[in-house]
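Please look over the sequence and the model before turning to the points below.

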Amino acid sequence: MKFPLIVCVFLLTVSSSLSVDITVSGTEGRGVIITCSYPEGYENSYKYFYRGVYRDGVLILQSHGKKTSPRFSLKDNPQARSFTVTISNLKMEDAGPYGCGAGWASPHYTQIQLNVIRAPETTTRVQISTSSISPYSSTEHTSTEKSGSKEDTSSSVTDHQISSTGTSSLSSQHLFSL
């Protein structure tokens with residue numbers, strides 16, 4: 001009779017130590033703020049943020065600049081006896097258990113469950129506009145003198161053709177300099 005009682009007490013102890021104190025949800029691609037409270041007397045203690053279950057967690061952040069992370073930030077508010085952890089640009093793999101603590105010798109610890117919600121598919125509207133371009137045309141009349149004789153030449157340029165009329169031939173360089 002003693003054996004089942006011991007097993008029940010053990011299971012209750014284990015399950016209560018793994019219980020979640022805070023559940024936080026955020027959307028993939030956005031940020032989330034987790035608030036961790038601590039009791040009086042921990043205002044000047046180091047604050048910690050872990051990934052994983054208590055005692056097996058991996059330290060992600062530590063106050064006082066000892067441990068930092070690019071997407072995670074920690075800000076302590078001793079007057080409110082709480083600190084906030086901000087996680088930016090949530091990813092699906094960020095979901096899971098976390099923990100926050102204050103103090104070292106006899107820490108105050110809070111277990112957190114972070115749920116990440118898949119971002120809804122978004123559709124991007126694309127507006128396509130068209131415009132018409134009218135053909136460019138230019139006509140130039142020039143008069144040139146060659147060996148004492150005057151020759152009248154005209155040339156025209158459109159977006160489709162280049163033509164030259166007159167008694168003398170114009171160089172292609174002259175046509176493109178119009």
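The largest pocket is lined by Tyr 48, Tyr 50, Val 53, Tyr 54, Arg 55, Asp 56, Gly 57, Gly 101, Gly 103, Trp 104, Pro 107 and Tyr 109. A pocket here is an open set of points on a 1 Å grid over the protein atoms alone, where a 1.4 Å probe fits, with protein on both sides within 12 Å along at least five of seven lines; lining residues have an atom within 4 Å of a point. The model is predicted: local features need pLDDT of at least 70 and side-chain atom pairs count only at pLDDT 80 or more, while totals for chains, interfaces and linings use all residues. Residues are numbered from 1 along each chain as its sequence is written, and side-chain values use heavy atoms, with hydrogens and water left out.

**The largest pocket**
- Its volume is about 190 Å³, taken as the space filled by probe spheres set on the grid points, which are joined across faces, edges and corners.
- The lining comprises seven nonpolar, three polar and two charged residues. In this scheme Ala, Val, Leu, Ile, Met, Phe, Trp, Tyr, Cys and Pro are nonpolar, Asp, Glu, Lys and Arg are charged, and the others, Gly among them, are polar.

**Overall organisation**
- The protein has two helices and eleven strands, where helices (H or I, at least four residues) and strands (E, at least two) are DSSP runs numbered from the N terminus.
- Along the sequence, the pattern reads α-β-β-β-β-β-β-β-β-β-β-β-α.
- Of the 178 residues in the protein, 25% are buried (buried means under 20% relative accessible area, exposed over 50%, partly exposed in between, with a 1.4 Å probe and protein chains only).
- Among contacts (heavy atoms within 4.5 Å) between residues at least 6 apart in sequence, 51% join residues at least 24 apart.

- Five strands form an open sheet with mixed pairing, in the order 1-8-7-3-4; two strands pair if DSSP finds at least two bridges between them.
- Strand 1 (22–27) and strand 4 are the edge strands, each pairing on one side only.
- On average, neighbouring strands of this sheet are turned by 30° against each other, direction ignored. Such angles run from 0 to 180 degrees between N-to-C directions, with axes fitted to C-alpha atoms.
- Strand 3 and strand 4 (residues 58–62) run antiparallel and are joined by four bridges; Tyr 48 has Gln 62 in strand 4 as its bridge partner.
- The hairpin of strand 3 and strand 4 has six residues between the strands, and Gly 52 in this hairpin takes a positive phi near 115°.
- Seven bridges pair strand 7 (residues 96–102) with strand 8 (residues 108–117) in the antiparallel sense, and Pro 97 stands opposite Gln 113 in strand 8.

- Three strands form an open, antiparallel sheet in the order 2-6-5.
- Strand 2 and strand 5 (72–77) stand at the edges with a single partner strand each, so one side of each has no neighbour in the sheet.
- Strand 5 and strand 6 (residues 82–87) run antiparallel, joined by six bridges, and Asn 77 stands opposite Ser 82 in strand 6.

**Selected loop residues**
- Ser 45, in the loop between strand 2 (32–37) and strand 3 (47–51), counts as buried at 19% relative accessibility.
- Not counting residues up to four places away in sequence, Ser 45 touches Ser 63, His 64, Ala 102 and Gly 103.
- Arg 81, in the loop between strand 5 and strand 6, has a positive phi near 50° and is partly exposed, with a relative accessible area of 33%.
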